[in-house]
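This report describes selected features of one protein model. Please keep the sequence and the structure in view while reading.

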Amino acid sequence: MYYYKDVNNYFIPFIGTWTYIDGDKTFVVKLLKETKVPYLSKKPKMYRDEINGHYKMVQNYGQPNETVLYTSQINIGTSITPWQTVILASAINNNIMSGVIFDVAGVLNTSYPTGVRGQLVMTINDFTNPLTAHWKVTLPMGMRGTDEPTTFTTPTDIILTKVN
C-alpha cells in the first residue's frame, strides 16, 4: 500500500473559506483537507491526501436578506445522493493548487449529471494581507460529447480573498 501524504503541509494555506465580491453577489468557496483518501478503487493500493470543497453564490452575503443564488451542496443529478465534494485537488507546493471542479450550478443535462467539468488552478498571491489567490477554471483538453455542457455558471477567472 502507498500513501501520498501532505508531509510538507502544502495544503494548509488553501484550507478555509474564500470569497469574491462582485457588487451585491459573493462567491464563497470552502476548502477542506481529506486525509488518506482511497485512490481509484474500492480495494485501493494507494491512498492520498486531497483538498475537497464546495461553493455557492450568495446575494447580500452576511445580511439579514441574504439569498443563496446557487450552491454545489445539492443532490447528484436527479438522484437522492448529495455531492460529497465538487472540488478535488492537490497542492503542488505551498502556493499552487490544481485539480478538478464540477460546475453543478447550471441547467441540468441528464446525460451529464456532473455538470461542466473544469480544470482548476488556484495560485496564492505572494505578500498579500489578507491572503488572496487567483482562481482559474478552464475546460479540460480532449474530446467531448456534442451535447456535453461547456458553459460555466461559476466564476472562472477571479481573485479570491481568504476570510478564515
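## Aromatic pairs

A search of the whole structure finds 4 aromatic pairs; rings of Phe, Tyr and Trp (its six-membered ring) pair if their centres lie within 6.5 Å, and planes under 30 degrees apart count as stacked, over 60 as edge-to-face and the rest as tilted. Phe27 and Trp135 form an edge-to-face pair, with 5.9 Å from centre to centre and 65° between the planes. This pair links distant parts of the chain, since Phe27 belongs to strand E3 (residues 25-38) and Trp135 to strand E9 (residues 132-138), 108 residues apart. Strands (E, at least two residues) are DSSP runs, numbered from the N terminus.

Phe27 counts as buried because its relative accessibility is 0%, and Trp135 is buried because its value is also 0%. Buried means under 20% relative accessible area, exposed over 50%, and partly exposed in between (1.4 Å probe, protein chains only). Phe27, Tyr55, Tyr70 and Trp135 form one aromatic cluster.

The model is predicted: local features need pLDDT of at least 70, side-chain atom pairs count only at pLDDT 80 or more, and totals for chains, interfaces and linings use all residues. Residues are numbered from 1 along each chain as its sequence is written, and side-chain values use heavy atoms, with hydrogens and water left out.

## A charge over two rings

The charged end of Lys36 sits over the ring of Tyr3, 5.7 Å from its centre, and over the ring of Tyr47, 5.4 Å from its centre. A charge sits over a ring if NZ of Lys or CZ of Arg is within 6 Å of the ring centre and within 35 degrees of the ring normal.

## A buried loop residue

Asn95 lies in the loop between strand E6 (87-93) and strand E7 (96-103). Asn95 counts as buried because its relative accessible area is 19%. Leaving aside residues up to four places away in sequence, Asn95 touches Phe14, Met122, Thr123, Ile124 and Asp126 (contact means heavy atoms within 4.5 Å).

## The largest pocket

About 260 Å³ of space lies in the largest pocket. On a 1 Å grid over the protein atoms alone, a pocket is an open set of points where a 1.4 Å probe fits, with protein on both sides within 12 Å along at least five of seven lines; lining residues have an atom within 4 Å of a point. A volume is the space filled by probe spheres set on the points, which are joined across faces, edges and corners.

Residues lining the largest pocket include Glu34, Glu50 and Trp83. Strands E3 and E4 (46-59) each supply at least two residues of this lining.

Note on methods
Helices (H or I, at least four residues) and strands (E, at least two) are DSSP runs, numbered from the N terminus.
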